[in-house]
Amino acid sequence: MLLAVAVLLGVTLVALADDDKPKCGPLQKLKIKRQWDKAYGEAHHRAEFSVHLWNHFFKDHPAARDLYKKFRGDNVYHPRFQAFSSRALETLTMIIDTTDDPEALKEIIKFVKADDAEQGVTHEYYDGFLASLLETLAEYLDTHLDWDAWTACLNQLEEATKS
Ligand code: HEM
């Protein structure tokens with residue numbers, strides 16, 4: 001009897017631990033879409049967000065600047081780099097908007113990876129970029145940031161870039 005109770009308790013605890021694990025379900029996907037629109041914003045605000053994001057990324061991965069030589073990666077304020085960044089972040093917006101459509105998401109990621117692979121972009125860089133994205137979002141959304149939703153959905157995205 002004691003053994004049966006112990007087993008049951010164990011199963012319940014495991015189930016609870018599983019329930020606690022952040023998920024990237026429909027609710028979380030909706031939440032990150034809303035939060036992305038709020039944080040990335042519009043017009044000049046976007047340029048400011050982008051500068052923060054790249055400054056975080058290049059601080060942690062200084063060697064990555066060399067990959068962006070033709071866009072003046074040495075100067076994230078340069079109009080050429082800004083133009084490049086808005087194209088990349090437009091695609092990121094598309095990715096965030098497509099998280100609930102796995103087939104379409106696969107196609108976008110395939111396109112991004114093909115472009116990036118030619119430049120020697122590694123998984124370490126994708127991981128670093130997504131970590132810098134989270135850091136920047138935390139600055140913009142402050143206590144409104146849904147940490148669990150973002151970490152679960154970015155983990156899912158990180159996995160998708162590996163397949
Ligand atoms: C989810 C994250 C990412 C998205 C959505 C993305 C998207 C894009 C897009 C759309 C382009 C083409 C831009 C153009 O029109 O010129 C591009 C190019 C590029 N990306 Fe990414 N990218 C991501 C992550 C990264 C990372 C982590 C790196 C590594 C540091 C990287 C390095 C580059 C480079 C060097 C180019 C320029 C390619 C060239 O020289 O033509 N990207 N990316």
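A nonpolar core is a set of buried Ala, Val, Leu, Ile, Met, Phe, Trp, Tyr and Cys residues joined through C-beta atoms within 7 Å. A residue is buried if 20 or more other C-beta atoms lie within 10 Å of its own, exposed if 12 or fewer, and partly exposed in between, with C-beta atoms placed from the backbone. The model is predicted: local features need pLDDT of at least 70 and side-chain atom pairs count only at pLDDT 80 or more, while totals for chains, interfaces and linings use all residues. Residues are numbered from 1 along each chain as its sequence is written.

**The whole protein.** Display the protein as a cartoon. It contains seven helices and zero strands; helices (H or I, at least four residues) and strands (E, at least two) are DSSP runs, numbered from the N terminus. Of its 163 residues, 14% count as buried.

**The core.** Select Ile 32, Phe 57, Trp 150 and Cys 153, which have the most contacts inside the largest nonpolar core, a set of 17 residues. Helices H2 (26-40), H3 (43-60), H6 (123-141) and H7 (147-162) each supply at least two residues of this core. The largest share, four residues, comes from H2. In soluble globular proteins, nonpolar side chains tend to be buried together.

Now centre the view on Ile 32. Leaving aside residues up to four places away in sequence, Ile 32 touches Ile 96, Ala 149, Trp 150 and Cys 153; a contact requires C-beta atoms, placed from the backbone, within 7 Å.

**A helix pair.** Select H2 together with helix H4 (residues 79-97): they pack at an angle of about 155 degrees, with axes 9 Å apart. Axes are lines fitted to C-alpha atoms, for helices over the stretch in contact, and angles run from 0 to 180 degrees between N-to-C directions. H2 and H4 are therefore roughly antiparallel, a term for angles over 145 degrees. At this contact, Ile 32, Lys 33, Trp 36 and Tyr 40 in H2 meet Leu 89, Thr 93, Ile 96 and Asp 97 in H4.

**Two backbone exceptions.** Most residues other than glycine have a negative phi. Select Ala 43, which lies in helix H3 and has a positive phi of about 45 degrees although it is not a glycine. Ala 43 is exposed, with 7 other C-beta atoms within 10 Å.

Finally, select Asp 142, in the loop between H6 and H7. What is the phi of Asp 142? Phi of Asp 142 is near 50 degrees, again a positive value in a residue other than glycine. Asp 142 is exposed, with 9 other C-beta atoms within 10 Å.

Conventions
Two residues are in contact if their C-beta atoms, placed from the backbone, lie within 7 Å. Angles under 35 degrees count as roughly parallel, over 145 as roughly antiparallel, 65 to 115 as roughly perpendicular and the rest as oblique.
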